[in-house]
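Hi,

Here is the structure I promised to pass on to you. My notes on what turned up follow below it.

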Amino acid sequence: MSDAVSVLNGAAFDGFAQVSDTGPRGMITLRGAPDVLAKMAKALGLAVPDTLGLTSKGDLSLAWMSPDEAMVLCDYAEAPGLAEKVQGAVKGDHALVAVVSDARAVFRVKGDKADQVLRKLTPAPLDGFAPGQVRRTRLAQVAGAFWMTDAQTFEIMCFRSQAQYVFDLLSNAARPGSELDL
């Protein structure tokens, strides 16, 4: 059991969509050439995600971040052990494996109009966006990424130092009465 707490320690807002801090999340940045990323993914028991894709098995996911970067999303306490396992799989290869769990914050936006919250904050296209996809983009004035866990739930990742700003953006965008007329 970890003593870790997320930066906003369970903050939540209930509007036309529910916004919540997901709590501490395990995250590992993986960088390397495509063949090295393939070795890393294999060590995790996951497929290499397609461009803008996300592959998952249980609570373990691998998100495409760029042609030479992927992000492991996992249980917070498991991140160091998984990083060691991946590092061992690419020993001798030019690669980066870095646990970044404490450098990021993750929020959940849930509800049948959850997409409207993001439509207000990002230029990324959401028509046709579905589980198994990921986007790196802007969230108003900051960098972030998001993906869907199911048809009504988005998870949004940002830098920990920007967590309060992003939580406030998401909460304001989910304010009752501010739904979009789509």
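Phe-129, Phe-146 and Phe-154 make up one aromatic cluster. This is a predicted model, in which local features need pLDDT of at least 70 and side-chain atom pairs count only at pLDDT 80 or more, while totals for chains, interfaces and linings use all residues. Residues are numbered from 1 along each chain as its sequence is written, and side-chain values use heavy atoms, with hydrogens and water left out.

The whole structure holds four aromatic pairs (rings of Phe, Tyr and Trp, the last by its six-membered ring, with centres within 6.5 Å; planes under 30 degrees apart are stacked, over 60 edge-to-face, the rest tilted). One of them joins Phe-107 and Phe-167, a tilted pair with centres 5.9 Å apart and planes at 40 degrees. Phe-107 sits in strand β8 (residues 104–110) and Phe-167 in helix α4 (residues 163–173), so this pair ties together parts 60 residues apart in sequence. (Helices, H or I with at least four residues, and strands, E with at least two, are DSSP runs numbered from the N terminus.) Phe-107 and Phe-167 are both buried, meaning under 20% relative accessible area, where exposed is over 50% and partly exposed in between (1.4 Å probe, protein chains only).

Phe-129 and Phe-154 form a stacked pair, 6.1 Å centre to centre with 10 degrees between the planes. Phe-129 is in the loop between α3 (114–119) and β9, and Phe-154 is in strand β11 (residues 153–159), 25 residues apart. Phe-129 is buried at 10% relative accessibility, and Phe-154 at 4%.

Phe-129 also touches an arginine that may interest you. Arg-135, in strand β9 (residues 134–139), has contacts (heavy atoms within 4.5 Å) beyond four places in sequence with Leu-52, Ala-124, Phe-129, Gly-144, Ala-145 and Phe-146. Arg-135 is buried but has no salt bridge, and the nearest side chain of opposite charge, Asp-127, is 11 Å away. (A salt bridge needs a side-chain nitrogen of Lys or Arg within 4 Å of a carboxyl oxygen of Asp or Glu; Lys and Arg count as positive, Asp and Glu as negative, and His and the chain ends are not counted.)

What about disulfides (cysteine sulfur atoms within 2.5 Å)? There are zero in the whole structure. Cys-74 is in none, as the nearest cysteine sulfur, that of Cys-158, is 18 Å away. Cys-74 is buried at 5% relative accessibility, and Cys-158 is buried at 2%.

Best wishes

Key. Disulfide = S-S within 2.5 Å.
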